[in-house]
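The structure is shown below.

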Amino acid sequence: MIARVRRTSHVQGWSVKKILRELHLQRNTVRKILRSDETDFTYERERQPLPRIGAWKLRSSGL
């Protein structure tokens, strides 16, 4: 997807607005792709949050 956004912007000359409409992406995502030299965007979570539904589940089931 990153290569496709860059290609449409640089080679085909599409505007950011046209890329948004045609590829169904968010404006901030397209701007981030065009401004950076990254080829892959990943997000690594530092810690896994604890599940918070456990107590509610026990309470609602009548236990």
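## Confidence of the model

The model is predicted, with an average pLDDT of 85 over the protein. A score of at least 70 is reached by 83% of the residues.

Among the elements of the protein, helix 2 (residues 16-23) has the highest mean pLDDT, 95, whereas helix 4 (residues 54-60) has the lowest, 65. Where pLDDT is low, predicted coordinates should not be read in detail.

## Packing of helix 1 and helix 3

Helix 1 (residues 2-10) packs with helix 3 (residues 27-35) at an angle of about 80°, and their axes lie 10 Å apart. Helix 1 is therefore roughly perpendicular to helix 3, since angles of 65 to 115 degrees fall in that class.

Helix 1 contributes Ile2, Val5, Arg6, Ser9 and His10 to the contact; helix 3 contributes Val30, Ile33 and Leu34. By class, this contact of helix 1 with helix 3 comprises 5 nonpolar, 2 polar and 1 charged residues.

## Ring contacts

The structure holds 0 aromatic pairs. The ring of Phe41 has the charged end of Lys32 over it, 4.5 Å from the ring centre.

Key: Residues numbered from 1 in each chain as written. Predicted model: local features only at pLDDT ≥ 70, side-chain atom pairs only at ≥ 80, totals over all residues. Heavy atoms only, no water. Axes fitted to C-alpha atoms, helices over the stretch in contact; angles between N-to-C directions. Helix = DSSP H or I, 4+ residues; strand = E, 2+ residues; numbered from the N terminus. Parallel < 35°, antiparallel > 145°, perpendicular 65-115°, else oblique. Contact = heavy atoms within 4.5 Å. Nonpolar A, V, L, I, M, F, W, Y, C, P; charged D, E, K, R; others polar. pLDDT = per-residue confidence, 0-100. Phe/Tyr/Trp six-rings, centres within 6.5 Å; stacked < 30°, edge-to-face > 60°. Lys NZ or Arg CZ within 6 Å of the ring centre and 35° of its normal.
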